[in-house]
Every structure is written in C-alpha cells, then in structure tokens.
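Subject: Structure handover

Hello,

Here is the structure for you to look at. My notes follow below it.

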Amino acid sequence: MIPNRFDGRLSVITGGGGDIGRAVAAGLLSHGLAVALVDLDEEKLHLASNELAVNGGAVSTHVCDVTSYSSVRALVDSLVSIYGRVDYLFNNAGYQGEIVPTHRYPHEDFARVIDVNVTGVFHVLRAVSEVMVDARFGSIVNTASGAGSKGPPNMVAYSASKAAIITLTKTAAKDLAPYNIRVNSVSPALVGPGFMWDRQVRCQAEADSQYFSRDYSVVERQMVESIPMRRLGRMDEIAPAVTFLLSEESSYITGVDLPVAGGAV
C-alpha cells in the first residue's frame, strides 16, 4: 500500500455509521484522505466519529436520508461549499430487509429495500457524479453483495436490490468513463462478527425453510461451510478492496464487481 496516496482529497461514505462503513473510513483515513461520513442514524455517526478520532484524521459527520433526493442534493452542495470538491464515493448505505420466503414477504418491506438499496444508491450516485463530471475526475464504489448474483433463499428483496446495483454499476461506468470517472462495486459475502451477520443467522433459523436448520448454532455452521475458505470475512478485509478500487492503482478498472467472498463466487 502507498502511504498518503489520497492526500488532500475527499471521500463520501454513505452508511458511514455501520460496520463496513466504519472499517472503510478507517482504511481511507490511514492513507491521508478526508472522510465525510453520512448516515440516517445520528447516534451511529457519533459513535463512529469517536471511534475513528482515536487514530486522528479529518472526519466530518452528516445526517442524510438517501431516499430523499432533495436531502442528498443539499448534502452534496454543502460538501462542495466546505471542501470545494468530492473526489471519491463509497456508496454503501443499505437495508437488509426481512428474511422470509417469497410467498410471505411483506410487500411494504420489499418497497423499502428497493427504496434504500437501489433508489438511494442512485440518488447519491447522481448528485456526486454531477460534481465529478465538472471536475473531470472521480472514483465510485457501490456496495453490492454476493446475494445479487447467487440469490440466497428467503431474501428476495435484498437479492433483487443487490443484483440491480451490479448492473447499475456497469451502466454508470459506461456513462461516466468519458469524464475520467470510474464506477465499480464490491460484493462481500458473509462478513462478521457484526449486526448483519447475527441478524441473518437468527432470521434464517426462524424462516423455517428446507435450506437451514432451525437451530441458530447449526445455521452458523451451515453458512460458514458454504464458503470455500470455511470462515467469515472480516471488516478489515473489505476496506482494502474498496481502497484499491477507489485509488489510482485500479486506474484501468471500471464497471467491475469485485467479490470479497472467500471463494463463494
């Protein structure tokens, strides 16, 4: 890794209060990048900011609902007025949704998952890319998921939303390439420990399907055994992949979805 290769530049991280957002922020800060953490949850932002401040670096926090384009637009305008630029985007805000079979999936929750994971990602991509087009420079990484290509059981909304992100990334990469802006995505598989891992194991056990045991500890083992490397990914293994795709070390890579999945591809 090249120290301080982002010096003087700014990255926006949506979902910045979550486990992956914080891990990526820590990685980018270690390379001299200023980070604007964005989340809907003010308490999570406060905790993340305190955690990151221990090691120093320029961190600002911003409460924003990515499902509202006017809120996203106001946020980006504010960042440009403060920093004069937005160079990088980790478009990471997401919502896991219910974990139940398709025939019982709540239609209201399906709409919410799509609103956050697809429409919200587009809102941020749209507003930030406009700034990047003017600057003729930028790099964007969207958070997809192995669910978007593998279609795990009992996660119809989440799987659909992440499949959309993979193809959204490919189209945006083509549209923005003439402006020296790259767009890629990362697809983590099973990453933990953390809130989403614990919740997914519990909910799959409770879904009462043929695919998983109803015993929590057995479900954990079944999931881990589906990974060729036979272990969960760590948060600090996601951050280097995102850092690489944002940086000029990947300057000829765009429109790619990078699995960070222990061989589960």
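A disulfide here means a pair of cysteine sulfur atoms within 2.5 Å. By that cut-off, a search of the whole structure turns up zero disulfides. Please keep in mind that this is a predicted model.

Buried means under 20% relative accessible area. Cys 64 has 8% relative accessibility, so Cys 64 counts as buried. Cys 203, with a relative accessible area of 12%, is buried too.

Now strand β5, which spans residues 138-143. Six of its six residues are buried, so β5 is largely enclosed by the rest of the structure. In a regular strand, side chains alternate between the two faces of the sheet. In β5, Gly 138, Ile 140 and Asn 142 point one way. Ser 139, Val 141 and Thr 143 point the other way. Both sets are buried.

What does β5 pair with? Strand β4 (residues 88-91) pairs with β5 in the parallel sense, over four bridges. Tyr 88 is the residue opposite Ser 139 of β5. Between these strands the chain runs through helix α4 (residues 107-135), and this β-α-β crossover from β4 to β5 is right-handed.

Strand β6 (residues 181-188) also pairs with β5. The sense is parallel, with six bridges. Which residue of β6 is the bridge partner of Ser 139? It is Arg 182.

Best regards

How values were computed: Residues numbered from 1 in each chain as written. Predicted model: local features only at pLDDT ≥ 70, side-chain atom pairs only at ≥ 80, totals over all residues. Heavy atoms only, no water. Buried < 20%, exposed > 50% of the residue type's maximum accessible area, 1.4 Å probe, protein only. Helix = DSSP H or I, 4+ residues; strand = E, 2+ residues; numbered from the N terminus. Pairing = 2+ DSSP bridges. Right-handed = clockwise from strand over helix to strand, strands pointing away.
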